Amino acid sequence: MVCIAAFIILALIGVFVAGISIFKPKIGKAYLKAMKKAWGCLWKKVRLQKCETGFKDDVKNTLLSRVMLKHPGWVKPLSIVIEVLSIVIVVVAVWAILTAIKSLLALWALGSCNVTKPSACSLGAEVCSIDESEPSNVFEATGRWFTEWGEIFEAIPDKFKTYNAEDYKFNYIEMSGDEVEGLDVVVDIFDPGCSVCMVSYRNQKNVGFFDSHNVRLVPFAIQDANGEYKFPNSEIVVRYMFAVEQLKSGASLGIIDRIFTNKSSNDLYYQQEFNDNYSREEATKKIESWLREDGFDDKGLKEIRKIVDYPEVADKMNENKDIIENQLKVRGIPTMIMDGKRHTGLWKDSE
Amino acid sequence: MKEFDYLGEGEVYLDGACQSLRPRCVIDAINNYYTEHNSCGERVKYKWGVETDEKVEATREKVLKYVGLKGRKYTVSFTLNTTYGINLILSQLKPKLFNKVMTSEIEHNSPFLATMAFSERTGLKREVMKREEDGSIDVDVYNFKKAVVVVNCASNFDGRKLLNIKELVKTVHKADGIVIIDAAQAMAHSSEILHGVEPDAICFSAHKLYAPSLGVIIWRDDLMEKMINGFVGGGMVDDVTKDSYLLSAEGKEHRYTRFESGLQAWGEIVGLGAALDWLEHTTKKDWQNLEKNYTDLYEYLHGSNKVHMVNHEANPTMSFYIDGMDSHLLGSALSRENIMARTGYFCAHYYLDHVLGLPPLMRFSLGLHNRPSDIAKVKKVMEKIIY
């Protein structure tokens, strides 16, 4: 919202002057002249030069000269009010310009104009964002505004970096069982509860992406700053996927494929059921029913349940979280590493 | 005065120090040039041109007469304004003939900046002299040996005069220096200060002398020996070969061409002649009226403990500021009441801002056009604002 507001303020000034210039060229010219004068005075002051009379003084004099003749006593307090207002206007204008620049830089460097909450930026790619905590007061918000600059500048070198999927030691699930020689290795980080990941998966499946690449699926359950999962059942899904994989390689793919492509008896995609309707127990039950369909018997399921609770599974999840959030500094899911680049956001058919 | 009957009821013009109002006869003279004898002066034989030439030559004579100088020693050339005149001279002076350039602290930027540029260009030292409260310069304090001295004989913010101008000119000449006088502010109301003084050049602006926009240089003929030909062109030569030229200014008859490159503002020159005629015919009563007006206004302002005057005495030009009041705002408020006056530092930034450390000022500069009712109105409006 903040970046949009900044854009709006700047755009409004521009549109206002441009609009007036078209319909009332004389008045437009006068505004343009005033803006030039204001800028000229500001530029002088920035260079610590004197500006004897500037735009502000002209406006002030126009307003106060009337008052001076009728109520001379009001001039001083009104002058203070105008001074304060002019400071506010300058602060807002500077803030607007800086925020607009920051948002554009963030959009370029991080893929979203909103650093804290990437999914809130309508100008960025469609993502399920890994959000930071919202500032609770003005001081925190101000501090965050400044630290975001640091995060943006830190991300700039990454824009020019060449990414190699094999450089990152993810705990992953090989999409095609064994890697096929000669095909490019792709890392695909997704959250089972993320709708953008679901659409990406379907798009990839439709165009045979999984057959033309060695895709390493990295299931990841997005957490917020307080450790709460963004999609409540994603954690149990990811645990089951790693547990199943430990028993039988490739067997976990059926879980994610069903969540992303199949519908329940309620005519809802399973992802929606998992996100909105299933409790943890119901989600577990559904996953186990699919595993049973895929050939696991009671003994196998018992074994899987045991592994799900192993600390090793939690370790795998934490290792992935560290790579995603700290090494790659990923702010939105799905994220793929392919062709030497990092791609965050919806994977479209055309890609 | 009926010559200013175009001034509307309640309109008070107090910016004569920048642009004086023009009497009807001056406006008529310019119109007359454009409608009766519009021509290319000083180079044609047709009758309109001859008429223009006669009026232009007459104006040169009137200028000399106005300042009490003789044509056998001095020449009058026309240019754009005072700044242009001073720069025209300084830019063509032979630097090897001089040791330094000197000006004073109360100068308008016209000489102040021009002397700076002259010093930068020639490498000659520049010295800024102190002016006493009465406007004089203590000549014993300074060494004028081969100095180029450029000073005003009346200031543009308080009208203070260079009271010892004769002594200064004599001292500088004795020391083989030259004196260029900026008379922009003196010409309208205190030109008598120039009488009996023989500086090397006097520069002034006709537009502060009830005349049209025009610059004038009155210069001693021997100044030409001290100059290189740095600004030459049309209307300045008797003969031109492939690689040489003969300046018309070599002969006394066309000496004025030395500073008159290209075509001149003939209409404005004719207008200046009319302004000088008009001034010659002003009466003692007119001048008494001016004196009464500015004394009255000065005393009114001086009497207020909220008003800080820059002036040390009454003068048609007076500057001041009011405690806690922005002069630009005051100027805008007065303008709403049809009182036209200047605010700021009046191109005397160095002295007013940096030496005296004053805030931007308000300047009232009166002229022969002002009526007692103008002063009454200003006092009435100021009364409302100040008290």
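What radius of gyration does chain A have, and what would a compact globule of 351 residues have? Chain A has 28 Å, whereas the globule would be near 20 Å. The radius is taken over C-alpha atoms, and the globule rule is 2.2 Å times the number of residues to the power 0.38.

This is a predicted model: local features need pLDDT of at least 70, side-chain atom pairs count only at pLDDT 80 or more, and totals for chains, interfaces and linings use all residues. Residues are numbered from 1 along each chain as its sequence is written, while chains are lettered from A and ligands numbered from 1 in the order in which they are written.

**Chain A overall**

- Chain A has 13 helices and seven strands. Both are DSSP runs, numbered from the N terminus: helices are H or I with at least four residues, strands are E with at least two.
- Along the principal axes, the C-alpha atoms of chain A fill a box of roughly 95 × 40 × 40 Å.
- Of the 351 residues in chain A, 32% are buried. Buried means that 20 or more other C-beta atoms, placed from the backbone, lie within 10 Å of the residue's own.
- Among contacts in chain A with a separation of 6 or more, 66% link residues 24 or more positions apart. A contact needs C-beta atoms, placed from the backbone, within 7 Å.

**The open sheet of chain B**

- Seven strands of chain B form an open sheet with mixed pairing, in the order β2-β8-β7-β6-β5-β3-β4. Strands pair if DSSP finds at least two bridges between them.
- The edge strands are β2 (74-79) and β4 (125-129) of chain B, each pairing on one side only.
- From one strand to the next, the twist averages 15°. Axes are lines fitted to C-alpha atoms, for helices over the stretch in contact, and angles run from 0 to 180 degrees between N-to-C directions.
- β6 (178-182) and β7 (201-205) of chain B run parallel, joined by three bridges. B:D182 stands opposite B:C203 in β7(B).
- Helix α5 (165-174) of chain B lies across β5 (147-152) and β6 of chain B, at about 150° to β6(B).

**The hairpin of chain B**

- β9(B) and β10(B) form a hairpin, with four residues between them.
- Their pairing is antiparallel, over three bridges. B:V240 stands opposite B:Y245 in β10(B).

**B:E260**

- B:E260 sits in the loop between β10 and α6 (266-280) of chain B.
- B:E260 counts as buried because it has 22 C-beta neighbours inside 10 Å.
- Leaving out residues up to four places away in sequence, B:E260 touches B:S77, B:F78 and B:G235.

Note on methods: Buried ≥ 20, exposed ≤ 12 C-beta atoms within 10 Å, placed from the backbone. Contact = placed C-beta atoms within 7 Å.
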